[in-house]
Structure formats: structure tokens, C-alpha cells
Amino acid sequence: MSIHFEKLSHVYMPDSPFETKAIDDVTLTINDYEFVGLIGHTGSGKTTLVQHINALLKPTTGKVIIDSLDINSDKHALKELRKKVGFVFQYPEHQLFEETVEKDIAFGPKNLKLPKEEIAIRVEQAMELVGLEPEVKLRSPFELSGGQRRRVALAGVIAMRPEILILDEPTAGLDPGGRDAMLLMLKKMHKKEKMTVIMISHYMDEIAALCSKVLVMEKGKPVIYDEPKKVFAQGERLAAMGLDVPTTTKLIIALEKKDINIPKDILTLKEIHSYIAENYGGDDSA
Ligand SMILES: Nc1ncnc2c1ncn2[C@@H]1O[C@H](COP(=O)(O)OP(=O)(O)OP(=O)(O)O)[C@@H](O)[C@H]1O
Ligand SMILES: [Mg+2]
């Protein structure tokens with residue numbers, strides 16, 4: 001599904017001393033099946049922006065149009081839409097509450113009033129997609145590790161079969177192993193389920209590895225929306241916004257100081273390696 005913001009603004013606590021314009025006149029289109037990495041300094045409006053996609057927040061002015069439907073135009077449209085937009089909040093495992101993993105994952109599909117058999121199938125498939133062993137089904141989520149609990153929370157959203165998946169810092173607080181596993185899983189899921197994904201993350205390496213587009217927010221406005229290579233080649237501009245670049249980009253900058261010049265739009269170690277082999281000679285075995 002495509003997402004279009006039309007002159008969207010959002011003001012928190014209007015007409016009060018605390019009035020904050022969190023989103024400032026955003027017009028932007030995200031195409032179907034895009035995997036968007038959303039970055040920006042803290043307070044730049046990332047969470048506020050994505051909360052408009054399932055109408056958790058309503059525009060102060062402007063529109064949110066999903067597959068040509070203005071989602072705030074009527075109640076019925078909104079109800080149907082909510083089934084298609086899956087939202088994984090920060091630390092979603094804190095919202096698990098059922099006594100078994102199975103019941104937690106089934107909670108959403110049950111609310112959709114699906115037949116029992118269908119719910120069972122969805123729970124099973126969602127568990128497989130997020131990489132949970134079937135045996136875990138009858139265990140309490142509270143006995144599981146942090147990484148596994150997060151998978152349970154994600155499976156609960158996946159079981160709703162969303163066409164748009166929004167993830168607010170899905171790897172925050174996970175150890176490096178858990179983080180890698182989560183990323184690999186998201187990559188597979190995006191491919192298999194053909195969803196449009198928007199992932200907020202502070203880890204530029206993750207964004208570089210996964211996303212087809214990067215959206216950079218600054219003070220409520222989208223300032224860059226482009227392919228990762230093109231975005232991370234603008235390191236100075238990002239640094240001025242208090243943003244980091246991927247480790248590989250840093251490596252390229254360090255090599256530059258040693259007079260080894262690699263184009264800044266290269267993002268993987270493999271690409272760096274072949275570029276050096278091709279242009280500076282040397283061993284090509286790694
Ligand atoms: N519920 C709220 N009530 C009032 N102001 C809010 C609320 N939520 C966010 N804000 C303000 O709106 C602005 C944008 O906040 P938002 O949470 O969208 O930023 P963010 O980019 O997600 O930041 P972070 O990286 O810290 O998660 C900030 O100035 C913030 O203080
Ligand atoms: Mg946020």
C-alpha cells in the first residue's frame with residue numbers, strides 16, 4: 001500500500017503554553033513495498049509522523065492518504081484501514097499480558113472475529129515468520145528472554161496480516177545477537193509478505209543494511225528522502241543534524257586520510273573490498 005501525506009501538520013496542546021508543532025507541513029509519498037528507514041534527531045517528529053498512518057493521531061491540518069483513501073474522511077474507512085496497518089511500538093514486549101504465548105499472538109486476530117481454525121493457522125504462521133519454535137506456544141511470555149518476548153509481540157502484529165508495518169526502534173535494548181536476528185527476520189518478512197515497512201532506528205548500520213529508502217526528519221519536516229547510498233554520502237549534512245553515518249561510511253572517511261579514495265556511496269564491506277582490489281590492486285581472496 002502507498003502512503004501519501006498531504007500538507008500534514010500536527011500541533012500538540014494547541015493554544016496552551018506547551019503548544020508544540022511536531023509535524024510541519026509535510027507532503028511526501030511512500031510507494032508500495034518500500035522499506036523506509038526513518039531517522040532524525042530526538043524530538044524531530046518521527047513517532048508523531050508514523051502515528052498518523054493508522055490514525056492514532058489525527059492531523060491538525062492536512063491529510064493522510066493510503067492507497068488513494070483519505071483515512072480520516074469516514075469512520076468505516078478508518079476501521080478497515082486499521083486492520084491493514086500493523087504498529088509495533090517501542091519495547092512492545094511490555095504490552096504482553098496473556099498467560100501463554102499462543103493467546104497473546106491470537107489476541108489481535110480474535111478481535112477481527114476470525115474463525116478459530118483461521119486464528120490457529122495465523123498464530124502458527126506468525127510464529128514461524130518471527131522464528132519462534134512451536135513448543136513455545138504454551139509457555140508464559142514472562143518466562144522467555146527479552147529478545148524472544150519481542151518476537152512474540154511482533155508475531156501478534158504479524159498475525160493481523162498487515163499490509164503496512166510500522167516499527168518504532170525494533171532493536172532498541174536487544175543484545176547484538178538479538179539485534180542481528182531481528183533484522184534478518186524483518187528482511188525476510190518484508191520480502192515474503194510484500195509489505196510496506198517503515199522502521200524508525202538510531203542505528204545507521206541497520207538502516208544501510210535493510211532499507212530501500214531513508215527518510216530524514218528535522219524539526220517536523222522531511223529534509224531528505226532518498227536511497228541509503230545517496231543519503232549517507234551526505235555525511236556532513238547529517239552530522240550537522242546530529243546524525244551518525246554507517247560504520248562503513250566512517251571507514252571510507254578514515255581511508256581517505258590515508259589517500260585511499262573510495263566513493264562515499266558504497267555501503268557494504270564487500271563493496272569496499274572489491275573497490276580496493278580493483279583500484280589499488282592486492283589480494284582478492286576475502
Ligand atoms: N504526547 C505529546 N504531547 C506533547 N508533546 C509531544 C507529545 N509527543 C511528542 N511531543 C513533542 O513533539 C515533538 C516531536 O516528538 P516525537 O516523539 O514525534 O519525536 P521523535 O523524533 O520520535 O523523538 P525520539 O527520537 O526521541 O523518539 C517533540 O518536541 C516532543 O516533545
Ligand atoms: Mg520517537
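Start with two helices, α4, residues 116-130, and α5, residues 146-158. In this predicted model, their axes are 9 Å apart and the packing angle is about 130°.

Now to ligand 1. Its shell holds 13 residues, and the closest are Thr-42, Gly-43, Lys-46, Thr-47 and Thr-48. By class, that shell contains 9 polar residues, 3 nonpolar and 1 charged.

Which elements supply at least two residues each to the shell? They are β2, residues 20-30, and α1, residues 46-50. The largest share comes from α1, with 3 residues.

Next, the polar contacts to ligand oxygen atoms. At Gly-43, a backbone N or O atom lies 2.9 Å from an oxygen atom of ligand 1. At Gly-45, a polar backbone atom is 3.1 Å from an oxygen atom of the ligand. Thr-47 uses its side chain instead: a polar atom there lies 2.8 Å from an oxygen atom of ligand 1.

How much of ligand 1 does the protein cover? On its own, the ligand has 630 Å² of accessible area, and the protein covers 64% of that.

That's what I have for today.

Key:
Residues are numbered from 1 along each chain as its sequence is written. Chains are lettered from A and ligands numbered from 1 in the order in which they are written. This is a predicted model: local features need pLDDT of at least 70, side-chain atom pairs count only at pLDDT 80 or more; totals for chains, interfaces and linings use all residues. Side-chain values use heavy atoms; hydrogens and water are left out. A residue is near a molecule or strand if one of its heavy atoms lies within 4 Å of it. A polar contact is a pair of N or O atoms within 3.5 Å; within protein, one must be able to donate a hydrogen and the other to accept it, and residues adjacent in sequence count only if both atoms are side-chain atoms. Accessible areas come from the Shrake-Rupley method with a 1.4 Å probe; for residues, only the protein chains shown count as cover. Helices (H or I, at least four residues) and strands (E, at least two) are DSSP runs, numbered from the N terminus. Ala, Val, Leu, Ile, Met, Phe, Trp, Tyr, Cys and Pro count as nonpolar, Asp, Glu, Lys and Arg as charged, and the others, Gly among them, as polar. Axes are lines fitted to C-alpha atoms, for helices over the stretch in contact, and angles run from 0 to 180 degrees between N-to-C directions.
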